[in-house]
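Reader: I have a structure open here and would like to talk it through with you. Could we go over it piece by piece?

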Amino acid sequence: MSAPSMSAPPSATGPLRPYGLRCDHRVTPLGIDEPAPLLSWRLASDHRGDDPTAHRVRLARHPGELAPGGRPLWDSGELTDPGATGVPYTGPALEPRTRYHWQVTVASARDQEPAPAASWFETGLTVGPGGQDASGEGPRAAWITHAPGRIDVMDAPTEGASALNHHGLAPCPQLRRAFDAPPAPVVRARLYASARGLYEIRLNGTRVGDAELAPGWTDYHRRIQYQTYDVTELLRTGENVLAATLADGWWSGFVGFEPRRAGAHYGTEPHLFAELHLLDGEGRTTRILTDDSWRTRTGVIRHADLLMGECHDLRHHTDGWELPGHDDRDWSPARVTGTDHRLLVAAPDEPVRATAELAPRTVTRLRDGVHLVDFGQNLAGRVRLRVHALPAGARVTLRHAEALDEDGALYTANLRTAAATDLLIGDGRPDHVFEPRFTYHGFRYAEVTGLPELAATDIAAVALHSDTPWTGSFDCSDPGLRRLHSCITWGQRSNFVSVPTDCPQRDERLGWLADAQVFLPTAALNADVAAFFTKWLRDVDDARTPDGGFTNVAPRLAGVADEGAPGWGDAGVLIPWHLYRTYDDPRFLARALPGMRAWVSLVQLHNPDLVWRHRVGPHFSDWLAPGTPTPRDVVATAYFAHSAHLTARAAEVLGHHDPARDHHKLAAAVRDTFTDRFVTYTPADGAGTEPDGRADGAAEEPTGSLRIEGDTQTGYLLALAFGLLPEEWREAAARRLAHLVEAAGPGLVTGFLGVALAAPVLDAYGRADLAHALLRRTEAPSWLFPLRHGATTIWERWDGWHPDTGFRAAAMNSFNHYALGSIGEWLYRGVAGLDQSPGSTGYRHLLVRPAPGGLAHAGARYESVRGTVAVHWERTGRTLALRVQVPPGATAEIHVPTTDPGSVRESGGIPADGAHLTRAGTAPGHAVYRVASGVYRFTAAYVPHEEDMT
């Protein structure tokens with residue numbers, strides 16, 4: 001498996017230097033419409049304390065204008081914020097369809113020559129709000145679609161003539177436009193393209209770009225994204241041809257699980273928008289636009305649907321239709337369906353791409369003409385199949401599934417109404433490669449019917465997902481935990497497909513808000529998801545109800561409960577806050593704050609007593625918790641308090657002091673209500689009311705005892721993680737939580753909302769041993785139980801399959817769901833120890849505090865917005881070695897695990913206070929140091945507790 005590209009520091013060594021330049025969290029984006037993009041960079045150095053003291057950014061239309069003595073369009077001047085990771089552009093208004101070059105120089109505390117680095121970005125069709133081209137260059141492209149002509153006739157079907165039950169899906173339109181290149185040589189050609197539906201465009205027979213499932217899923221009633229492509233090298237002199245194929249996609253295909261509104265949520269047929277701008281050497285621009293001069297017909301793709309699958313009938317193939325010289329007089333003129341461009345916006349994220357190919361692990365002949373292929377990995381994508389000879393009319397059928405039933409056949413019951421079936425119909429010609437273009441499936445297994453023989457070299461699985469650069473890695477000595485991390489990352493790949501979906505296989509694939517908010521801390525360590533969530537948070541905002549409420553899914557779909565549930569709607573608050581902390585970009589908060597405030601105010605309006613029990617939507621509570629349900633009022637009110645608190649903090653960051661004060665007061669009042677209504681505390685001296693249910697029967701501890709209504713693991717996790725309890729009560733709550741975990745195995749009985757909090761809370765309250773015990777558990781419910789039974793991704797249910805009971809209810813039983821994989825955050829933060837302090841943003845102040853447990857070694861590496869953060873520790877006998885890398889501009893508080901603080905050495909010597917390192921005392925089981933940027937190597941005596949080794 002090749003992961004998405006990791007942005008790494010340059011291979012050159014030496015003093016402070018910038019690298020990894022970004023514009024709005026993307027590398028050299030082509031076609032942005034943000035009027036004030038964020039220009040950012042990372043830093044590397046081989047010296048301790050080699051931190052930035054100032055930086056300067058300049059921007060110009062031509063690279064030469066950035067040279068000494070040049071006259072750039074914009075110069076930020078020298079800025080002296082040593083912790084800055086980027087600056088927003090504040091110069092003259094950017095012009096549409098223009099490439100801008102920019103350069104950053106960073107001065108160092110070592111008095112060296114400022115280090116420069118350069119990059120570029122390009123604006124799109126428009127810049128700024130409104131979507132209107134102010135250039136005055138004439139008409140814009142129209143939306144066009146297929147116009148049925150005399151070739152679109154229907155005969156009565158004969159037995160076997162129908163490829164599949166196509167569910168009313170129509171053939172995919174093909175559209176073409178021939179044009180002559182300008183007489184003067186073209187120096188720059190840009191194609192701006194979009195669709196209501198899905199599109200693929202070719203210029204002179206060569207595919208344009210590598211985007212899959214473009215333009216991606218948005219609420220098309222609110223926003224339609226377009227992509228920009230550099231097609232300069234694809235032009236030829238004389239005649240050229242633009243050729244496009246359209247498919248229904250999310251626009252008019254099947255989406256979701258509502259039987260009364262299974263598809264056509266936005267429209268009934270796909271439409272194309274395209275503008276090709278050709279700039280010649282004499283400064284003239286020629287534009288080729290979608291209009292009624294385009295020609296259209298249907299072709300080889302007889303239907304294509306994201307859920308149902310795709311059918312290619314090679315008998316309908318037209319040779320050369322994408323090339324110059326093709327006779328299209330029998331084609332129909334395209335039909336213009338509109339000229340409104342107000343909803344068009346430049347895509348702010350990277351598209352879905354094909355990122356990996358997997359060869360089959362096994363190919364098994366089941367019977368004549370039927371083969372079962374195991375790719376060894378559950379994934380989201382499609383199959384590529386080479387067929388050497390297929391008679392005219394003969395069919396090859398590909399069916400997909402995540403698992404096999406007890407008879408060794410595909411288990412498809414959990415797909416519900418998703419057919420997940422692709423079909424190839426032959427035309428008698430040899431050697432054809434069949435690869436669907438407008439569908440994807442969640443699968444590990446494929447059944448191929450219709451070929452007498454199937455060689456392993458003739459079939460492959462192609463993984464598709466939004467191309468979020470892979471920036472994190474984790475490793476440890478436990479093979480089970482390494483496999484767990486692999487399952488988590490594959491779940492992320494499989495479900496980040498334009499939106500963060502819940503599952504890739506069944507008739508759902510919706511952007512559930514709670515799944516995304518609990519998994520985001522893990523996702524943001526695995527990959528750079530800033531641009532991906534920039535796009536999706538616009539979907540979340542577009543989906544808001546008229547009274548300001550967040551919904552349960554985004555993009556919003558008719559038939560899915562609109563009113564946001566506790567923990568689901570709250571994602572509209574939690575996600576922007578976490579993105580701000582991770583990427584040090586306050587624009588996440590600025591864009592979200594109106595919605596955050598509206599959400600909290602809406603909950604308050606309908607719950608004036610501050611117990612959230614009204615306007616709770618479907619109230620999923622702690623979804624799929626296998627134990628005693630946590631009372632719904634407890635879950636809801638905990639999230640009410642947390643959202644109010646984070647909204648206040650967001651307002652503070654942005655300098656909105658009055659709203660911050662109001663929301664802080666509200667958060668405090670909800671916390672008081674939570675403790676008054678749901679918490680009973682008995683002090684150690686016996687005063688107060690004795691809580692019911694002393695299940696442990698133990699004597700009172702010095703900190704007293706505490707019960708939260710329902711007495712569930714999730715109830716205590718929410719209260720402790722969200723800071724809902726008075727400080728003097730927290731140890732009692734943590735002790736009760738630990739008891740419940742121990743009594744369960746040790747084990748977890750939490751669902752989607754509680755699972756992400758368990759290990760971090762236990763660790764924070766001194767019970768990392770229990771967190772490790774949960775990781776080591778192999779019986780259900782546990783993370784390793786599915787792995788024991790062949791899982792290669794995270795399951796939706798702790799026990800989606802069990803040897804005693806078989807498969808759980810097929811109505812809801814995905815084997816590729818990332819929510820329970822939120823433990824991945826603690827693998828980085830806890831096991832490896834790579835974290836940032838609570839008040840830090842963008843990893844400016846690291847907190848390195850490994851929890852070794854019984855492991856022999858562990859490590860994590862992460863490309864933060866400041867640069868590389870890396871932690872690796874290893875036990876050898878009774879000695880632990882810890883290596884920490886702190887990027888320039890950052891500091892770290894390092895907790896060295898040790899049973900003898902006096903044994904600590906750094907780079908072979910006794911750590912002494914100096915310019916780059918100071919002693920900060922001890923904590924239980926650790927010696928603590930504060931360090932500047934650089935690489936540090938500690939050793940210390942370390943004898944793990946006996947329970948850690950169990």
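Predicted model: local features only at pLDDT ≥ 70, side-chain atom pairs only at ≥ 80, totals over all residues.

Reader: Let's begin with strand β12. Why is it described as largely enclosed by the rest of the structure?

Author: Strand β12, residues 198–203, has 5 of its 6 residues buried, so it is largely enclosed by the rest of the structure. Buried here means under 20% relative accessible area, with exposed being over 50% and partly exposed in between, using a 1.4 Å probe and protein chains only. Strands are DSSP runs of E with at least two residues, helices are runs of H or I with at least four residues, and both are numbered from the N terminus.

Reader: And which strands does β12 run antiparallel to?

Author: One is β15, residues 239–247, which is joined to β12 by 6 bridges in the antiparallel sense, and the other is β13, residues 206–207, joined to it antiparallel by 2 bridges. Two strands pair if DSSP finds at least two bridges between them. Arg202 takes part on both sides, with Ala243 as its bridge partner in β15 and Arg207 opposite it in β13.

Reader: What sits between β12 and β13?

Author: The two strands form a hairpin with 2 residues between them, and Asn204 in that turn has a positive phi of about 55°.

Reader: Which other residues have a positive phi without being glycine?

Author: Among them are Ala420, with phi near 45°, and Leu610, with phi of about 70°. Ala420 is in the loop between β29 and β30, and its 3% relative accessibility means that it counts as buried. Leu610 is in the loop between α6 and α7, where it also counts as buried, because its relative accessibility is 12%. Most residues other than glycine have a negative phi, and most peptide bonds are trans.

Reader: Where are there cis peptide bonds, then?

Author: One joins Gly745 and Pro746, with omega of about 0°, and Pro746 belongs to the loop between α10 and α11. Another joins Ala780 and Pro781, again with omega of about 0°, and Pro781 is in the loop between α12 and α13.

Reader: Changing topic, how much space lies in the largest pocket?

Author: The largest pocket holds about 1,400 Å³ of space. Of the 40 residues lining that pocket, those closest to its centre are Arg581, Ala721, Pro760, Glu825 and Arg829. The search uses a 1 Å grid over the protein atoms alone: a cavity is a set of points where a 1.4 Å probe fits but cannot get out, a pocket is an open set with protein on both sides within 12 Å along at least five of seven lines, and lining residues have an atom within 4 Å of a point. Grid points are joined across faces, edges and corners, and a volume is the space filled by probe spheres set on the points.

Reader: Which element gives the most to that lining?

Author: Helix α11 gives the most to the lining of the largest pocket, with 7 residues. By class, that lining has 23 nonpolar, 9 polar and 8 charged residues; Ala, Val, Leu, Ile, Met, Phe, Trp, Tyr, Cys and Pro count as nonpolar, Asp, Glu, Lys and Arg as charged, and the others, Gly among them, as polar.

Reader: How many cavities of 30 Å³ or more are there?

Author: A search of the whole structure finds 7 of them, and the largest cavity has a volume of about 160 Å³.

Reader: Is α4 mostly covered or mostly uncovered?

Author: Helix α4 is mostly covered, with 11 of its 13 residues buried, and Thr534 is one of those buried residues.

Methods: Residues numbered from 1 in each chain as written. Heavy atoms only, no water.
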